[in-house]
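Take a walk through this fold with the model open beside you.

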Amino acid sequence: MKQIKNYLFRIAALAGLLITPFAASAEEVDLEGSILKFLNDTGFSRLAENNNWLCLVMIGVACLLFYLAIVKKFEPLLLLPIAFGMLLTNLPGAGLYHAELFEGGHIHWANFADANNVGLLDYIYLGVKLGIYPCIIFIGVGAMTDFGPLLANPKSFLLGAAAQIGIFATFLGALAIGFNYAEAGSIGIIGGADGPTAIYLTSKLSPNLLGPIAVAAYSYMALVPVIQPPIMKMLTTQKEREIVMQQLRKVSKTEKIVFPIVVTVFVSLLLPSAAPLIGCLMLGNLMRESGVVERLSKTVQNELMNITTIFLGISVGATATASAFLNYQTLAILLIGILAFSIGSAGGVLLAKFMNLFLKNKINPLIGSAGVSAVPMAARVSQNVGQEANPGNFLLMHAMGPNVAGVIGSAVAAGILLSFLG
């Protein structure tokens, strides 16, 4: 009992020491003013200012993306960081991202000198704006990609190229409804079904549309198993879907090593603006196929790619402010995005049907839809739809050819758009 009393006396004495200075200087400190300032500085108070209530709408959109990523598992590796970046940037008063630092599509370096006006997400976003994160992710993608099926069946290049028609058709469609050339190019790249490429090109051409385009690109990539099958079945007959393709030849190690070097040199000389993406993609693939840097290959596939994905997602989500996201352009982008995917999928299927008019060994047209570069999801969809028609049909490896060709194709298409519009 005595010990408890002693503790209470000590607490009371400490409280007295803390209160005494305030009591002694009560005349010097405007307690009421300080309290009012504190209340006015809270995010709750700022919600009532101007149109800050729109931040609540954006927080709701972020929660919807959390639901899609966590519950529905739609591209969770990137949708979840994007959603959290969107949540952070729309918290009134947090000051984590300042769009004015990147106004007009340029980095205003002079404003970075005042650290008080720069937030955490501003620094992280520099990796997107400078094109660093998408290129690093492309190194990881290259290290995880096997170009063997593409080399075993070079006709896959044509199917991958045909699927990119969605990019250019959507570009024309976006122009027709009022977007300018740079914005239309950024929207069109959604048709390539390649998130890093879409982010890279948009950050160069139309950074004001980065949030909506990234959300559209990754959302529709996750919906490939829903979007593609109806299109594939509508454009093919039962007999065509039952076509069994010959087994692919074995590709030598030498071919796999030479391929990334040749592609890098050829594409970079033909289209220098595509060199960053193609170069990084092929660097990662050369690490994989050479067999002499296994440790580096595993690092870029795992740790490096995972870290970069976190930074990329959060910083892209940070651009989705209420003013940039809640407008008619966002709705138009979401609608045009699904059209881009659909046209790209249809383009590959239709070209495969056309090629069959001249080929002795027929191609199953279903693999043409895998030309969109949603690797390996689009190839799996071709496999699943093919097995529905013929349970003994195995199209996965055949579909991987157009699928990885689509990765190269989307990077080349981005380079073309950047060369003409950048």
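Buried means under 20% relative accessible area, exposed means over 50%, and partly exposed lies in between (1.4 Å probe, protein chains only). I257 shows the middle class: at 25% relative accessibility, it counts as partly exposed.

Two notes on the source come next. This is a predicted model, in which local features need pLDDT of at least 70 and side-chain atom pairs count only at pLDDT 80 or more, while totals for chains, interfaces and linings use all residues. Residues are numbered from 1 along each chain as its sequence is written, and side-chain values use heavy atoms, with hydrogens and water left out.

Now the whole protein. It has 23 helices and 0 strands. Helices (H or I, at least four residues) and strands (E, at least two) are DSSP runs, numbered from the N terminus. The C-alpha trace spans about 100 × 55 × 45 Å along its principal axes. Of the 422 residues, 50% count as buried. Contact means heavy atoms within 4.5 Å. Among contacts between residues at least 6 apart in sequence, 75% join residues at least 24 apart.

Start with helix α4, residues 54–70. The expected span of a helix is 1.5 Å times one less than its number of residues. The 17 residues of α4 should therefore span 24 Å, and its end C-alpha atoms are 24 Å apart, which agrees. Its buried residues are C55, M58, I59, V61, A62, L65, F66, L68 and A69. An α-helix has 3.6 residues a turn, so residues three or four places apart point the same way. The buried residues of α4 pack against α5, α13 and α20.

Helix α7 covers residues 132–144. Its 13 residues reach 19 Å from first C-alpha to last, close to the 18 Å expected. How many of its residues are buried? The count is 10 of 13, so α7 is mostly covered. The buried ones are Y133, P134, C135, I137, F138, I139, G140, V141, G142 and A143. Their cover includes α6 (120–129), α12 (195–205), α17 (275–290), α18 (294–301), α19 (303–318) and α23 (396–421).

One of those covering helices, α12, is itself hidden. Because 10 of its 11 residues are buried, α12 is largely enclosed by the rest of the structure. The buried residues are G195, P196, T197, A198, I199, Y200, L201, T202, S203 and L205.

Next, a helix pair. Helix α13 (residues 210–222) and helix α14 (residues 224–235) pack at an angle of about 65°, with their axes 5 Å apart. Axes here are lines fitted to C-alpha atoms, for helices over the stretch in contact, and angles run from 0 to 180 degrees between N-to-C directions. Y220, M221 and A222 in α13 meet V224, P225 and I227 in α14. The residues of this contact divide into 6 nonpolar, no polar and no charged. Ala, Val, Leu, Ile, Met, Phe, Trp, Tyr, Cys and Pro count as nonpolar, Asp, Glu, Lys and Arg as charged, and the others, Gly among them, as polar.

Then the largest pocket. On a 1 Å grid over the protein atoms alone, a pocket is an open set of points where a 1.4 Å probe fits, with protein on both sides within 12 Å along at least five of seven lines; lining residues have an atom within 4 Å of a point. Grid points are joined across faces, edges and corners, and a volume is the space filled by probe spheres set on the points. The largest pocket has a volume of about 810 Å³. It is lined by 33 residues, of which E75, L77, M144, M305 and V375 lie nearest its centre. Two or more lining residues come from each of α5 (76–89), α7, α12, α13, α19 and α23. The lining has 22 nonpolar, 7 polar and 4 charged residues.

Finish with single residues. I257 sits in helix α16. Leaving aside neighbours within four places in sequence, I257 is in contact with L286, E289 and S290. The C-alpha atoms of I257 and E289, 32 residues apart along the chain, are separated by 5.8 Å. Q383 lies in helix α22 (residues 377–389). With a relative accessible area of 12%, Q383 is buried.
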